[in-house]
Amino acid sequence: MNKPVLANSVEARDIAFHIHSQTNPQLLEERGPLVVTRGEGIRVYDSAGKAYIDAMAGLWCASLGFSNERLAAAATLQYRELGFYHTFFQRTMDGVATLAEKLVSLTGMEGGKAYFATSGSEANETMVKLAWIYHTVRGKPTKRKVIARDRAFHGSTIAAASMCGLEFMHREFGLPLPGFLHTLCPSSYRGMLEGEDEVAFVERLASELEKLILREGPDSIAAFIAEPINAGGGIIVPPKAYFARIQEVLKKYDILFLDDEIVCGFGRTGNWFGKETVGAQPDMMALAKGLSSSYFPISAVVVAPAIYEALREFNKGGGNFGHGFTNSGHPVGVAVALEAVKIYEEMNLVDHVRRMGARLRAHFEAMADRSPIVGQVRGAGLMLGIEIVADKRTKTPFDPSLQVGMQFDRLAYNNGLVARCMGDVLGFSPPLIVNEADVDEIADRVDRSLKQLEAHLV
Ligand SMILES: Cc1ncc(COP(=O)(O)O)c(C=O)c1O
């Protein structure tokens, strides 16, 4: 990036022919892309041979790093045996049944079942469709609306983007679609009022949710969707009592709780699933990313027994579940996911993430103590955020035109570290395979970049 683009180079051809996700087209043309050529453990290398520790595991997903041999071997073996088959019209494969059984057991969705898709967005949209079927079967077909939260990210397809609570996901597209509503984000750092404590804050969040339900009509609301800890909105950990209280409101009005575990699942927050970290009890869970360490596009929805019963009942006249993706239950994705889960179990995932997460957090807390611009360190496990502010006491942010988060990202990049700013929140979600030395190295590069940012700003 920021170097001259040679004619016919990868950079030039990329600019000429490729449309990027979440990228400003003009900036791409001016600065050129970053060409990533290979990975080794927690590091990726660019075309100039420079190494970066990717402290975001790509997009919160490459939990086993970028060169896991066992995942490569599992994929190769499966490609040789059966390179493709599908799960439509009663087809299945050994791996599909095995992974479904494993996911039901790992998630603790006793008596439940798993459905496969290929992306997080598809998994979230599948949960919405299943919620509609569930209510229809129970004689409540008007229950169609979905409530999500401000600052949420749930994906890029049209319904998933409608569930996002981020303006940049809506503005070009005239979203959200009708019937997709938003309630308050449980950010105590930014959302608590003067004089309010966490208990009162949670009460207000629950009461705002209830007011929204009553305003729209409880008979029109099918589901509420949330991540246990909001990742892309800025690593927002809800207050302790939040989910228990919100779920009371949902139960009162017969509204399903859809748990987006796409980032939080598979150890990221220091438990197998984020729901355990925050004390939530979902009716359905969407899984992706860590499921295969993103070595293959595979996602899943795990549902409680009542949801499956509704699907069965709905089609008892002979119809099919009118839903499915060509690559649902793709044998290679399934093989890779089974191997990834096996590795997680062998590495004693939860314990490892808790220890490495605590170590990284302690480094960040030390930076917060000395730095005049660190407002808050937050997160859980190996999903941590640092919010940058102009004034720590008043939590006043820097002028948005300064783009301090972006400035940090650029400094980190120069220091061989991939981080990810969300506005002025710096996000860190390194591969879960980090060891003590890796964590210290990440912290060192963060500290160096932070000091450079301070020198620039203060
Ligand atoms: C919480 C959450 N949900 C859903 C998605 C969408 O997943 P995908 O990009 O695989 O569609 C993402 C992607 O980052 C995510 O972070």
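## A walk through the model

Let's start at glutamine 22, which sits in the loop between helix H1 (10–17) and helix H2 (25–31); helices (H or I, at least four residues) and strands (E, at least two) are DSSP runs, numbered from the N terminus. Glutamine 22 has a positive phi of about 40° even though it isn't a glycine. With 58% relative accessibility, glutamine 22 counts as exposed, where exposed means over 50% relative accessible area, buried under 20%, and partly exposed in between (1.4 Å probe, protein chains only).

Before going on, keep in mind that this is a predicted model: local features need pLDDT of at least 70 and side-chain atom pairs count only at pLDDT 80 or more, while totals for chains, interfaces and linings use all residues. Residues are numbered from 1 along each chain as its sequence is written, and side-chain values use heavy atoms, with hydrogens and water left out.

Lysine 395 is another non-glycine residue with a positive phi, near 60°. Look for lysine 395 in the loop between strand E12 (383–388) and helix H15 (404–414); at 29% relative accessibility it counts as partly exposed. For a backbone feature of another kind, go to the peptide bond from leucine 175 to proline 176, which is cis, with omega near 0°. Proline 176 belongs to the loop between helix H7 (158–163) and strand E6 (180–183).

Now zoom out. The chain splits into domain 1 (34–67 + 348–457) and domain 2 (71–346), with bounds that come from an automatic or database domain assignment. Their C-alpha centres lie 27 Å apart, and 37 residues of domain 1 are in contact (heavy atoms within 4.5 Å) with 32 residues of domain 2.

What about the inside? The largest nonpolar core has 95 residues, and Phe266, Met284 and Phe428 have the most contacts within it. A nonpolar core here is a set of buried Ala, Val, Leu, Ile, Met, Phe, Trp, Tyr and Cys residues joined through side-chain atoms within 4.5 Å. Domain 1 and domain 2 each supply at least three residues to this core. Leaving aside neighbours within four places in sequence, phenylalanine 428 is in contact with residues including Ala55, Ile235, Phe364 and Val446. There is also a second, separate core of 32 residues, with Val202, Ile221, Ile229 and Ile246 among them.

A polar backbone atom of glycine 120 is 2.8 Å from an oxygen atom of the ligand. A ligand nitrogen atom lies 2.7 Å from a polar side-chain atom of aspartate 260. In the side chain of lysine 289, an N or O atom is 2.8 Å from an oxygen atom of the ligand. The ligand alone exposes 390 Å², of which the protein buries 80%, with areas from the Shrake-Rupley method using a 1.4 Å probe; for residues, only the protein chains shown count as cover.

Finally, visit serine 299 in strand E10 (residues 299–303). Serine 299 is buried, at 0% relative accessible area. A polar atom of its side chain lies 2.7 Å from the backbone oxygen of serine 119, and the backbone nitrogen of threonine 118 lies 3.3 Å from a polar side-chain atom of serine 299.

Terms used. A polar contact is a pair of N or O atoms within 3.5 Å; within protein, one must be able to donate a hydrogen and the other to accept it, and residues adjacent in sequence count only if both atoms are side-chain atoms.
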